[in-house]
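Below are some notes for a colleague who is looking over this structure. They are arranged as numbered points, to be read beside the sequence and the model.

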Amino acid sequence: MQQNKFSRIFISQGFSDFSDKVPEVLLKTILLPLLCLFTSLPLLGEDCYNCERPQRFSAPVVNPWPIEYVTIHKVPFERNDKASFCRRPVEMVDTIVLHHSETPSSTTPEDINRLHLSRGTPEDPWYMIAYSYNINSPYSGASTPKARVTEGRPMELVGAHAGSEAFVPMDESQKKMWDEGLITCGKENQEFKVNPSMIRDGKIKANVTTIGVVVIGNYAPFSRTNPNGYHRNNPRYPTKSTQDLIARLSCQLQKKHPKITNIKWHNYYNATSCPGSIKEYISKIISQTRKYGCDFK
Amino acid sequence: MRFQITFIILFVSFYAFGVDDRSMGELFQKYESVMDQKKIELIDEVFTKKFIRESGGKKELISKIKSLPDSLTQPQTSMSWKKGLKGDVYFAKLKENTNNKSSGSSSEAEFIVIKENGKLKIDGTIGDGE
């Protein structure tokens, strides 16, 4: 039997007997299409919020996510090597703090990084974007921006989002990590040291035990101090898709870091309008995480 | 002589290109006129084109401004500002001197101010953090 290009594929994979026995027409019209269909089925699920599907058949990666509820994009962020920042074991983190950016929903994490690099003072500049994860998601009735989660400041670096004057109690394991001097501050290429100002009255800065997740957009009403806000006659709420995206990200973080068991919001720590109407949906978001097998308080 | 010329150039440059308390104060005086007294004719002098576009257009912005309570109920504000560390951007902090935290709005806001056609204008706000 003359070998065609399809049977050559099978021969190269050790199926020479198979190609001899199965008629060429059957191979071309039924078996190969069926094979293609079954191998592509796992890629057709609705578990991905953007077009870049997870690379399920690629080579193993170091420290993979245990479950991928949402694709987390990584972009290179500029950092200020003259700025101080603090390191922590990721096991210190027990809480996700939700924010809104107060910017238009089209703002990119790179835009926020540029603005954050401009903040601070010449003596005490910001190191990089303050949030650990950034969620772009369209407002109700809008088709842009494309829903997308982008990693911001790495989780092993203390963020700058909950408020520098917010302090929270530590549990035993967090206290142990503090006592062992595992939370240290410094500048790139310099020695990192324990900074006693991280502790006040036995409590630790909230930024140390939390990560900031920002929903990019403005979910508070228009006012003198919020000219980017929504029209009072047309309130803006996070859409079901946005709530689901927050739930998926939160659950994914909990699956990888089981100590993360709380979801809070910015004005839980500080008198601020952030995160606007998103706060009203926290309980719904927590319920949504249960559908993915997670448990948040 | 060389020193004098340098001084004159610096002096002229400051007034031509620099940002001082006066120009920032004027911007926020206009801003409060727009928001409190509904002087909507000043919108183009206060906000950048990008800001107006992202607010849904001038008509929508005017509608939002008109939906605010009248000026008699507005609290006093204080403003401070600083130049951003990168690029030609300024951050102005507007603080309402009130204890009333109703209506879900913040009593403090950080504005992004840039120059558009050589004039300071509000380009947006940014969430507080640290």
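**Notes on the model**

1. At 81% relative accessibility, A:Asn189 counts as exposed (exposed means over 50% relative accessible area, buried under 20%, and partly exposed in between, with a 1.4 Å probe and protein chains only). A:Asn189 sits in the loop between β7 and β8 (199-200) of chain A, where helices (H or I, at least four residues) and strands (E, at least two) are DSSP runs numbered from the N terminus. Although A:Asn189 is not a glycine, its phi is positive, at about 60°.

2. On provenance, this is a predicted model, in which local features need pLDDT of at least 70 and side-chain atom pairs count only at pLDDT 80 or more, while totals for chains, interfaces and linings use all residues. Residues are numbered from 1 along each chain as its sequence is written, chains are lettered from A and ligands numbered from 1 in the order in which they are written, and side-chain values use heavy atoms, with hydrogens and water left out.

3. A positive phi is also found in chain B, where B:Asn117, not a glycine, has a value of about 50°. B:Asn117 belongs to the loop between β3 (108-116) and β4 (119-126) of chain B, and its relative accessibility of 68% makes it exposed. As background, most residues other than glycine have a negative phi, and most peptide bonds are trans.

4. Two cis peptide bonds deserve a look in chain A. The bond from A:Thr144 to A:Pro145 is cis, with omega near -5°, and A:Pro145 is in the loop between β4 and β5 (148-151) of chain A. The bond from A:Cys274 to A:Pro275 is likewise cis, with omega near 10°; A:Pro275 lies in the loop between α8 (266-269) and α9 of chain A, and A:Cys274 is buried, at 1% relative accessibility.

5. How many disulfides are there over all chains? The count is two, taking a disulfide as a pair of cysteine sulfur atoms within 2.5 Å, and with the bonded cysteines of chain A numbered in sequence order the pairing is 1-2, 3-4. One joins A:Cys86 to A:Cys185, with an S to S distance of 2.0 Å, and because the torsion about its S-S bond is about 100°, this disulfide is right-handed. A:Cys86 lies in strand β2 (residues 85-87) of chain A and A:Cys185 in strand β7 (residues 184-186) of chain A, so the pair ties together parts that are 99 residues apart in sequence. Both A:Cys86 and A:Cys185 are buried.

6. The disulfide between A:Cys251 and A:Cys294 has its sulfur atoms 1.9 Å apart, and its S-S torsion is about 90°, so it too is right-handed. Since A:Cys251 lies in helix α7 of chain A and A:Cys294 in the segment after α9 of chain A, the pair ties together parts that are 43 residues apart in sequence. A:Cys251 and A:Cys294 are buried.

7. Chain A has nine helices and 11 strands, and 54% of its 297 residues are buried. Among its contacts (heavy atoms within 4.5 Å) between residues at least 6 apart in sequence, 71% join residues at least 24 apart.

8. The largest nonpolar core has 34 residues, of which A:Ile96, A:Leu98, A:Tyr133 and A:Leu249 touch the most other members; such a core is a set of buried Ala, Val, Leu, Ile, Met, Phe, Trp, Tyr and Cys residues joined through side-chain atoms within 4.5 Å. The elements giving two or more residues to this core include β3 (95-100), β10 (210-215) and α7 (240-256) of chain A, and α7(A) gives the most, with six residues. Leaving aside neighbours within four places in sequence, A:Leu249 is in contact with residues including A:Val70, A:Tyr133 and A:Val213. Apart from this core lies another, of 26 residues, among them B:Phe51, B:Leu68, B:Ala109 and B:Ile122.

9. Over all chains the structure holds 13 aromatic pairs, a pair being rings of Phe, Tyr and Trp (its six-membered ring) with centres within 6.5 Å, called stacked if the planes are under 30 degrees apart, edge-to-face if over 60 and tilted otherwise. One of them, A:Trp265 with A:Tyr268, is edge-to-face, at 5.5 Å centre to centre and 75° between the planes. A:Trp265 is buried, with a relative accessible area of 19%, whereas A:Tyr268 is partly exposed at 45%. In chain B, one aromatic cluster is formed by B:Phe28, B:Tyr31, B:Phe47, B:Phe51 and B:Phe111.
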